[in-house]
Amino acid sequence: MIRSIAAASLSLTAVLALSACGADSSADASAGGQVTLTIGDQAKTLQTIIAASDALKGAKYKVKWAEFQGAALLYQAVQADAADTGFSADLPALQALSGGVKIKNVAALKNDGTHVGIVVRKDSGIDSVKDLKGQKVVVSSAKGSISEYLLANVLRQNGLSYKDVKVQYLLPTDAQAAFASGKIKIWATFGVYQAVGLEQGGKLLVDGGDGRVSGIGFINASEKALANSGKKKALSDFLQRLSTALKWTSTHQSAYAKAIEERNGADATVAKTLASAAYSQVLPVSSDVDRTVQQVADLMNGIGVLDPNVDVAKSADTSLLK
């Protein structure tokens, strides 16, 4: 029995999902009996990218989508063989590995990290990270989130300990209401909530750009799926197609935002924010990626959030994407 991984953070676009939902076939199915990949997704994120860019055209395998609201449920599904792959930011993947989920990271995803930030009320008197000492900081959405990593990392960079602040965990919707009413003044958050906080009397203290968060996410696969030669070959092809699709989102942001509106039910402002914060690259899981994410793991282990720690390099399968 694996440890619970419920502390894994929600994906940026999980705000758009109401519940886990079933899967549907998306690739060409002209030759029956072919390999079927069950791709784990959060809030139709990958599915929307793939569909909008038509990246599966001509694929010689079938794709089923396994949709979940957040990373914890997705990785539980992978552990139960209900999905062949996982998809999340670095910390949820680390939480899953630490919790014993039998996966390998097969591709890295990259963005600029600016979709994660610490927002403070303009009347808070907080003007620098050093001013956080002794303060209560609300972290969304749970222990082990990318928002918590940003907080821990910028404290360390400014000569402070994680024990120098008082952390409270709140779901983003609850924190948003409390921030708007002035009940909380310091909020580590992400994505749409970061944008809304800035509109509701907030100012950005610091964001995850310039390496303050890794900006790395992962596509991973179950060890069982990787042991199936047909699925492994299909997944290698899927990663190449996903790379093409992400490049498309970078050069067609308006069309991508429109697809988010249509497929996810988001309003135009939310869709634009989500589109601008999306991963833009698929990369091999290189030694540089491993070193960067190992620093994330080591810091979170050091503050007692990731236990046991993870050897990131040993958690990779580099054979699918060169």
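Which residues does T85 touch, not counting residues up to four places away in sequence? T85 touches T38, I39, G40, L74, V78, N220, A221 and L235, where contact means heavy atoms within 4.5 Å.

A quick word on the ground rules. This is a predicted model, so local features need pLDDT of at least 70 and side-chain atom pairs count only at pLDDT 80 or more, while totals for chains, interfaces and linings use all residues. Residues are numbered from 1 along each chain as its sequence is written, and side-chain values use heavy atoms, with hydrogens and water left out.

Back to T85, which is found in strand β3. Helices (H or I, at least four residues) and strands (E, at least two) are DSSP runs, numbered from the N terminus. T85 counts as buried because its relative accessibility is 1%; buried means under 20% relative accessible area, exposed over 50%, and partly exposed in between (1.4 Å probe, protein chains only). Its side chain reaches the backbone nitrogen of G40 at 3.0 Å.

Now for the sheet. Four strands form an open, antiparallel sheet in the order β3-β10-β4-β11, and two strands pair if DSSP finds at least two bridges between them. At the edges are β3 and β11, each pairing on one side only. Three bridges join β4 to β11, and A108 has L283 in β11 as its bridge partner.

Here are the strands by residue range:

| Strand | Residues |
|---|---|
| β3 | 85–89 |
| β4 | 103–110 |
| β10 | 216–222 |
| β11 | 281–283 |

Helix α11 (residues 287–302) packs on this sheet, touching β4 and β10. In α11, the buried residues are V289, D290, V293, Q294, V296, A297, L299 and M300. Their cover includes α3 (90–98), β4, α4 (146–157) and β10. Just after α11, G304 takes a positive phi of about 85°.

Finally, the inside. A nonpolar core is a set of buried Ala, Val, Leu, Ile, Met, Phe, Trp, Tyr and Cys residues joined through side-chain atoms within 4.5 Å. The largest one has 95 residues, and I118 and F238 touch the most other members. Helix α8 (residues 229–251) gives the most to this core, with eight residues. Apart from it lies another core, of nine residues, among them A175, F179, I184 and F190. As for F238, not counting residues up to four places away in sequence, F238 touches L37, I39, I50, L56, Y61, V63 and W65.

Terms used: Axes are lines fitted to C-alpha atoms, for helices over the stretch in contact, and angles run from 0 to 180 degrees between N-to-C directions. A polar contact is a pair of N or O atoms within 3.5 Å; within protein, one must be able to donate a hydrogen and the other to accept it, and residues adjacent in sequence count only if both atoms are side-chain atoms.
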